[in-house]
Amino acid sequence: MNRSAPPRLTALAAATLLSASVCAHAASPLIKINQLGFLPASQKLAVVNAPDATRFAVVDAASGKTVFEGALGVPSTWDASGETVRLADFSALRTPGSYRLVIAGVPESAPFPVKADAYRELDAGAIRAYTLNRAGIALTPAVAGAYARPAGHPDTRVEIHPSAASAGRPAGTVISSPKGWYDAGDYNKYIVNSGISTYTLLAAYENFPAWFDKLALRLPESGNGLPDLLNEALWNLEWMATMQDPEDGGVYHKLTNKAFDGMVMPDKATAPRYVVQKNTAATLDFAATMAAASRVLAPFDKQNPGRSARYLAAAEAAWAWARSHPQVLYQQPADILTGGYGDKKVDDEFAWAAAELLATTGKAVYRAPAMAMAGSSEQTEPGWADVHMLGWITLTAQRTRPGVSEAATAAARPLLANADKLAARWQASPYRVSMARRDFVWGSNAVILNQAMMLVAAYRVQPQPAYLHAAQSALDYVLGRNGPGISFVTGFGTASPQHPHHRPSEADGIAAPVPGWLVGGPNPGQQDLKACPGPYPSALPALSYLDDVCSYASNEVAINWNAPLVYVAAALESLVK
Ligand SMILES: [Ca+2]
Ligand SMILES: [Ca+2]
């Protein structure tokens with residue numbers, strides 16, 4: 001995934017790509033629809049790339065009998081894909097069943113369901129993708145089925161890299177730092193990206209506990225008294241806790257090889273491992289995540305007495321280190337060639353960490369820094385390098401906790417303004433998606449799902465139907481209502497990625513990729529052209545996607561991309577009534 005500074009396509013660059021593009025999307029279906037279907041009460045939209053068609057029908061998939069008919073919307077051209085499309089709206093169809101969308105002169109859609117719990121297996125699969133990406137554990141057939149594999153990367157003997165040396169831990173000191181998730185298609189573990197990913201899973205539980213309490217995941221820990229989502233989050237939290245220097249509270253940036261492993265299974269990758277430079281962003285992301293974990297895990301303290309307090313103490317020690325080292329920016333050492341995750345701006349990390357610490361402790365000292373970024377924002381969604389909006393989610397959701405209300409009120413204003421902006425863009429879009437053309441960046445599928453997460457957070461403050469509809473559209477988008485017309489989640493939907501840039505998927509000898517992963521998605525930056533001999537099918541932003549293992553810029557997987565998928569699927573299951 002993209003671990004350098006997040007690129008943003010300029011309008012000029014996008015226009016250039018648009019004019020230079022060729023029409024090469026003949027393989028896309030003409031009816032584009034969420035392949036996993038809809039909840040009975042969902043808004044139900046499909047995009048039809050047949051400008052001359054005027055009517056559509058929904059038929060029972062088995063009998064062919066028409067159950068709904070309607071007029072298509074007015075034709076409109078989506079600049080991101082160059083297609084002129086019409087919308088089919090069959091939201092009024094609420095009867096559970098299996099259906100097809102039928103339009104004269106156009107190949108009909110694959111069958112799709114309308115049913116309760118339409119996204120249950122998806123949500124479970126998206127969480128289990130983390131399980132299958134765990135470091136330091138053998139995955140048994142009982143847990144992993146066909147994807148069982150030996151343990152890799154025990155990380156019980158990890159060296160302090162010279163960039164991380166301190167008086168108490170000089171270079172070459174060996175520490176133990178086991179567990180955690182592999183970050184993406186590679187086998188390294190990065191605190192910055194673990195922060196937003198783990199927080200998002202914790203927030204999913206904190207915001208929708210009833211859904212996750214009944215979502216069984218067949219984990220090694222299942223049945224231990226914790227909800228399975230929290231069991232999965234703990235696998236990474238326990239690793240993160242080892243990344244803090246006990247001497248001073250600072251947090252190492254990453255646990256890494258010197259260079260990326262080859263395309264081999266985890267147990268075949270045995271290069272030496274290092275922890276690298278403590279810095280402000282990693283330490284604050286750690287503080288925020290541990291403060292959230294302390295709060296979310298507090299009701300389950302009996303299962304591991306003292307854990308909640310330990311995590312809070314770790315968070316406060318990290319905060320103190322960052323306050324006394326406010327501008328230590330990550331510098332990739334010359335001999336380290338793995339993902340950078342360098343972040344030049346840390347005011348957002350300060351705001352987020354303060355927000356989590358305020359929500360957990362209620363201490364007045366965190367209030368002003370928690371409110372420091374409660375103004376308007378050009379950014380419409382969080383990402384690993386820009387995390388202040390995560391604080392808005394926590395502050396507004398935890399507004400009744402002691403000491404939080406003032407900061408929650410301050411955060412609600414920009415949260416709602418942001419949702420209004422996204423909803424307006426969604427309403428105006430020919431595809432009915434909240435993305436702007438500039439959002440087709442590395443990991444664009446997570447951009448739209450993080451927008452949906454912000455829409456959901458706003459909906460929980462002020463239940464405007466448009467916020468929820470726009471969030472539904474984001475899920476529809478990644479599950480099929482998109483330029484290529486595929487579900488971007490491995491193993492889910494009638495057509496989905498077969499060749500993600502993911503070492504286990506490539507090396508395991510199983511034809512189907514490891515399931516439950518959201519791939520990065522369309523990215524006209526095409527930063528992997530040198531690695532990809534096969535050309536992309538199109539340069540147009542929404543069609544610039546290549547289902548090839550070479551395509552780390554459009555077809556990699558990553559823990560921070562799956563997290564909003566977990567959140568949004570749970571939110572829709574919980575809120576669409
Ligand atoms: Ca930042
Ligand atoms: Ca495979």
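Predicted model: local features only at pLDDT ≥ 70, side-chain atom pairs only at ≥ 80, totals over all residues.
Local features are given only where pLDDT is at least 70, and side-chain atom pairs count only at pLDDT 80 or more. Residues are numbered from 1 along each chain as its sequence is written, and ligands are numbered from 1 in the order in which they are written.

Two packed helices are described by the angle between their axes and the distance between the axes. Helix α7 (residues 280–297) packs against helix α8 (residues 307–324) at an angle of about 155°, the axes being 8 Å apart. Helices here are DSSP runs (H or I, at least four residues), numbered from the N terminus. The two are therefore roughly antiparallel to each other, a term for angles over 145 degrees on a scale from 0 to 180 between N-to-C directions. Their contact (heavy atoms within 4.5 Å) includes Phe286 and Met290 of α7 and Trp319 and Trp321 of α8.

The axes of helix α4 (residues 191–207) and helix α11 (residues 388–397) come within 11 Å and cross at roughly 20°. These helices are therefore roughly parallel to each other, which denotes angles under 35 degrees. Ile196, Tyr199 and Asn207 in α4 meet Leu390, Ile393, Thr394 and Ala397 in α11.

The calcium ion (ligand 1) has protein donors (N, O and S atoms within 3.2 Å for Ca) at 2.3 to 3.0 Å. Along the chain, the donors follow the spacing D-x1-K-x2-D-E-x35-A. Both Asp343 and Glu349 are buried, with under 20% relative accessible area for a 1.4 Å probe.

Terms used:
Heavy atoms only, no water. Parallel < 35°, antiparallel > 145°, perpendicular 65-115°, else oblique. Donors = N, O, S within 2.8 Å, 3.2 Å for Na, K, Ca; no water. Buried < 20%, exposed > 50% of the residue type's maximum accessible area, 1.4 Å probe, protein only.
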